[in-house]
Amino acid sequence: MKKELVSGHLQVKGGKYYVVLYLPQPNGKKKAKWISTHLEERGNKTRAEEILRELRRKYANGESLLQEKQMTAQEGAATLSSDMLFSDYLFRWVESTRLKVDLSTYGEYRKVIHNRVAPYFQENGILLSSVSAFDLQDFYAWYMSERKVKAATIRRMHANIRKALKDAVKLKLIASNVAADVELPRSENFVANYYNGEELRELLNKVQGSEIEFPVMIAAFYGLRRSEIVGLKWGAIDFEEKIITVSHTVLEAHIDGRHVLVKQDRTKTKSSFRSLPLVPEIEQMLRRKREQQRIQQRLCGAEYAEEGKEYIFVDAMGNLLKPEFITRHFSALLKKEGMKKIRFHDLRHPYVKHTTKIFSLRLMDSQAQAYPDARRKTRGACQLHRGGQNRSSVRPLCNRKRFS
């Protein structure tokens with residue numbers, strides 16, 4: 001970075017001096033960086049100007065960014081106050097949540113704060129003590145206009161900001177939570193796009209032999225979430241009792257600049273922890289897959305990943321499939337085959353129907369007799385099969401509200 005490219009000036013906010021540097025970016029634009037001098041305005045102009053010159057020299061010479069981050073973190077730890085930049089407080093707040101929430105949740109919080117919220121308030125130099133409901137509404141209006149996002153995205157961002165300000169009130173950094181006074185844009189009613197019986201049958205035919213054939217089958221037949229599918233282990237399959245237990249999930253999160261898989265022995269909600277009947281066609285596919293994995297394990301020897309011995313959905317080397325892998329390949333398959341675009345998650349829709357003979361509800365009912373939990377969860381679907389509620393040739397795959 002050339003010295004002459006780093007410009008800057010002093011700015012007074014809340015009675016204190018801040019250095020505002022304009023740093024060149026790869027795209028040719030410049031990004032404003034606010035740095036607190038911790039100096040009161042009165043009687044400190046000369047010292048503040050010295051700090052400005054020193055910081056311009058430092059950034060022009062390209063000194064260690066790691067050293068700067070460490071120094072900033074140390075300074076920030078001692079200067080948590082109402083007159084800090086709102087963006088700096090948000091950075092501090094999101095790190096404070098790391099041990100309070102799931103790792104995947106923390107990753108989402110961090111992505112929202114670092115990539116969406118903080119840059120705007122940092123560029124505008126808004127302090128924690130002065131941020132207002134108007135500032136937040138102005139930000140949301142700007143973001144919707146510039147990024148073309150939906151109201152639901154704004155509402156999710158607002159939830160993070162409101163929680164951060166709520167914690168600031170608890171720490172007595174501010175008197176009230178201004179986020180509570182913000183009027184949010186009304187969310188659009190989401191209408192899920194899903195396949196009818198004929199479309200689903202076509203999908204199951206098109207997906208045969210692909211890398212995501214089995215995940216699609218599991219999603220369509222059992223209504224499992226993507227994280228639940230990837231999280232299926234061989235220990236969750238009871239071939240004797242003909243039961244599949246859903247109790248483990250695998251999620252993706254962006255942590256410390258890299259994507260990681262978060263494995264947890266719990267599901268999204270308590271009701272998501274469930275047992276499902278193992279129907280013959282799915283059982284046959286599972287048995288074939290288990291034998292295939294055993295062959296691959298023998299061929300690969302010590303190179304075969306350990307998780308491949310535990311999880312069902314792994315690649316040829318035993319590496320666990322990533323949830324995003326399924327989503328990406330599913331979208332690519334629909335585009336390649338010219339099929340109607342839906343989300344992978346839409347395969348869970350409670351009104352998905354099919355015309356195939358693969359899924360036998362009567363067999364499900366007989367299997368469930370010896371397993372009370374499964375019997376309770378399949379009773380609604382079996383009643384539909386026996387008549388009265390739906391006698392069309394296209395039968396509901398299952399009544400998901402009763403079968404979940």
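This is a predicted model: local features need pLDDT of at least 70, side-chain atom pairs count only at pLDDT 80 or more; totals for chains, interfaces and linings use all residues.
View 1. Residues are numbered from 1 along each chain as its sequence is written, and side-chain values use heavy atoms, with hydrogens and water left out. Lining the pocket are 31 residues, and E108, R226, L251, E252 and K268 lie nearest its centre. (On a 1 Å grid over the protein atoms alone, a pocket is an open set of points where a 1.4 Å probe fits, with protein on both sides within 12 Å along at least five of seven lines; lining residues have an atom within 4 Å of a point.) Helix α4 gives the most to this lining, with seven residues. By class, the lining has seven nonpolar, 11 polar and 13 charged residues. (Ala, Val, Leu, Ile, Met, Phe, Trp, Tyr, Cys and Pro count as nonpolar, Asp, Glu, Lys and Arg as charged, and the others, Gly among them, as polar.)

**View 2. Helix α3 (residues 86-96) and α4 cross at roughly 175 degrees, and their axes come within 9 Å.** That angle is why α3 and α4 are roughly antiparallel to each other (over 145 degrees). From α3, F86, S87, L90, F91, W93, V94 and E95 meet Y106, Y109, R110, I113, H114, V117, A118, F121 and Q122 in α4 (contact means heavy atoms within 4.5 Å). Sorted by class, the residues of this contact are 11 nonpolar, three polar and two charged.

**View 3. Helix α7 (residues 197-206) and α8 cross at roughly 155 degrees, with axes that come within 10 Å.** So α7 runs roughly antiparallel to α8. The crossing of the two is left-handed (the near helix is turned anticlockwise from the far one by less than a right angle). L200, L203 and L204 in α7 meet V216, M217, A220 and F221 in α8. That contact has seven nonpolar residues, no polar and no charged ones.

**View 4. Helix α8 (residues 213-222) also packs with helix α10 (residues 280-300), at an angle of about 155 degrees and with their axes 12 Å apart.** So α8 is roughly antiparallel to α10. This crossing, too, is left-handed. On the α8 side are E213, F214, M217, I218 and Y222, which meet I282, M285, L286 and K289 in α10. The contact divides into seven nonpolar, no polar and two charged residues.

How values were computed:
Axes are lines fitted to C-alpha atoms, for helices over the stretch in contact, and angles run from 0 to 180 degrees between N-to-C directions. Helices (H or I, at least four residues) and strands (E, at least two) are DSSP runs, numbered from the N terminus. Angles under 35 degrees count as roughly parallel, over 145 as roughly antiparallel, 65 to 115 as roughly perpendicular and the rest as oblique.
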